[in-house]
Amino acid sequence: MRYIVIGTGAVGGTVGARLAGGGREVVCVARGAHREALERDGLRLVTPEGEHAYRLPVVGGPEELGELRADDVLLLAVKSQDTVAALDAWAPRPVAGGGTAGERLPVLCLQNGVVNERVALRRFARVVGVCVWMPSTYLEAGVVGAGGVPLTGILHLGSYPPGRPEPVLDAVAADLRASRFDAPLPEDVMPWKYAKLLDNLPNAIEALLGPLEGPEALALVAEARAEGAAVLAAAGIVTVGEEEARRVRGERVRLLPVPGVPRGGGSTWQSLRRGASSVEADWLNGEIVLLGRLHGVPTPVNETLRALVNELARAGGGPGAYTPAGLRERIEAAARA
C-alpha cells in the first residue's frame, strides 16, 4: 500500500514519518514554506530518542500525482475546518483500473471532532474513523515533534458507519503496529472519538489562558467537560469512560521531553501560536453547543470558549490573551443573556 498523507502537520507528519521509518511507502501533501522545507531537508521527526529525517515524495495536491493507484490509502490529517476542501480535491481523482478515489479508495480521518467521518461519507464510499491519542507538535516548516514513549501513539480505527466491511483495516493496523503505534480495532470507533471530544474541550481554555494551572483554570476545565458530558448524555451518545481509556493507554504512551524543544500546548494553542486565522473550536466546543441547542441543554461555557477563540484567531492574536478572571466574567455574562 501507498499512504498519502493529506496534511503533513503535527499528526500527519508524525504518522507519516513513523510509517516511512517502518519501511512503508509514504507521500506527503503540503504547500508553501512547509513543502519547500520537506523537499529540501526531508520530513524531520524530533523525539526523545533524537531526530529522524525521511526523504519522501512531496506534492501540493492530487493533480501532481496524476492517476492514483488502486492500493493507495488516504490519510486525512487536515484540521476540521479544512476537511471539505481537501475531500473535494481528492474524491474525483481517477484511479488506475477505472473509477475515482471517492468510489474506490479508503480515506482515514485522523482528526479531532466527530463530524469529519460523516462529511467524508458524502464523498467517499470507504470511510474509516481514527481516534488519535498521540502527543505531537508542529515545530516549524518541515519539522514535527512527538514525545510519546515507548509507543508514539495509540490510533483506534473503525469503519464508518460501524459494521461496514473495510478490507484494508487489518493491513493498516499491522503497518501502524510495525511503526511504533498501537492500533486497536473496536467494533465502533465513535465512542472513542466522543471521549476524545470531551478531552479536547479544554483546548480552547488553554489557548485563551496559557498553561492550565491553578484552581481557577482547572475549575473552568471541569465545567467545560461537565457541560459536554451532560449534552452527550441528553443526546443519548455513548462514550468510552475515562477509566477504560486510562486502562487502554496504560504506560504505553508516556510523555517525555523532546531535547531542544520547549513543551507547548494542544492543537488550538499551536494554531494561535502560528498565527492561524482559523481554529477547530467550531468542531470541538461548537459541537457541544450544537447538541445542547438540539436537546435543550444550556452550554454557556463552551459557547463562550468557541466565540472567544474564533475572535482571537480572526484578530491574529496569540495564545494567553485572557486571564481566568476575565474569562469567567465573559462566561457569566453569556449565562445571564
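**Charges, turns and burial**

Author: The side chains of Glu242 and Arg246 form a salt bridge, 3.9 Å from N to O; the term covers a side-chain nitrogen of Lys or Arg within 4 Å of a carboxyl oxygen of Asp or Glu. This is a predicted model, where local features need pLDDT of at least 70, side-chain atom pairs count only at pLDDT 80 or more, and totals for chains, interfaces and linings use all residues. Residues are numbered from 1 along each chain as its sequence is written, and side-chain values use heavy atoms, with hydrogens and water left out.

Reader: Why are Glu242 and Arg246 separated by about one helical turn?

Author: Because they are four residues apart in helix 10. Helices here are DSSP runs of H or I with at least four residues, strands are runs of E with at least two, and both are numbered from the N terminus. In general, an α-helix has 3.6 residues a turn, so residues three or four places apart point the same way.

Reader: And are Glu242 and Arg246 buried or exposed?

Author: Glu242 is exposed at 51% relative accessible area, and Arg246 is exposed at 52%. The cut-offs are under 20% for buried, over 50% for exposed and partly exposed in between, with a 1.4 Å probe and protein chains only. Salt bridges that share partners also tie Glu242 and Arg246 into one network with Asp199, Arg225 and Arg249.

Reader: How many salt bridges does the structure hold?

Author: There are 23. One of them joins the side chains of Glu166 and Arg126, at 2.7 Å from N to O. That pair links distant parts of the chain, 40 residues apart: Glu166 is in the loop between strand 12 and helix 6, and Arg126 is in strand 8, residues 126-133. Glu166 is buried at 11% relative accessibility, while Arg126 is partly exposed at 22%.

Reader: Which residue does Asp182 meet in a salt bridge?

Author: Arg252, with 2.5 Å from N to O. Here too distant parts of the chain are linked, with the partners 70 residues apart: Arg252 sits in the loop between helix 10 (242-249) and strand 14 (253-255), and Asp182 in strand 13. Asp182 counts as buried at 16%, whereas Arg252 is partly exposed at 31%.

Reader: OK, then which rings have a charged end sitting over them?

Author: The charged end of Arg249 sits over the ring of Trp133, 3.5 Å from its centre. Arg274 has its charged end over the ring of Tyr138, 5.1 Å from the centre. The test asks for NZ of Lys or CZ of Arg within 6 Å of the ring centre and within 35 degrees of the ring normal.

Reader: Backbone next. Where are the cis peptide bonds?

Author: One joins Val149 and Pro150, with omega about -10°, and Pro150 lies in strand 11, residues 148-150. Another joins Tyr160 and Pro161, omega about -5°; Pro161 is in the loop between strand 12 (153-160) and helix 6 (169-177).

Reader: What about Arg180, what's its phi?

Author: Positive, about 75°, although Arg180 is not a glycine. Arg180 belongs to the loop between helix 6 and strand 13 (181-182) and is partly exposed at 30% relative accessibility.

Reader: How do strand 9 and strand 10 pair?

Author: Strand 9 (136-140) and strand 10 (143-146) pair in the antiparallel sense over four bridges; pairing takes at least two bridges found by DSSP. Glu140 stands opposite Val143 in strand 10. The hairpin has two residues between the strands, and Gly142 takes a positive phi near 85° there.
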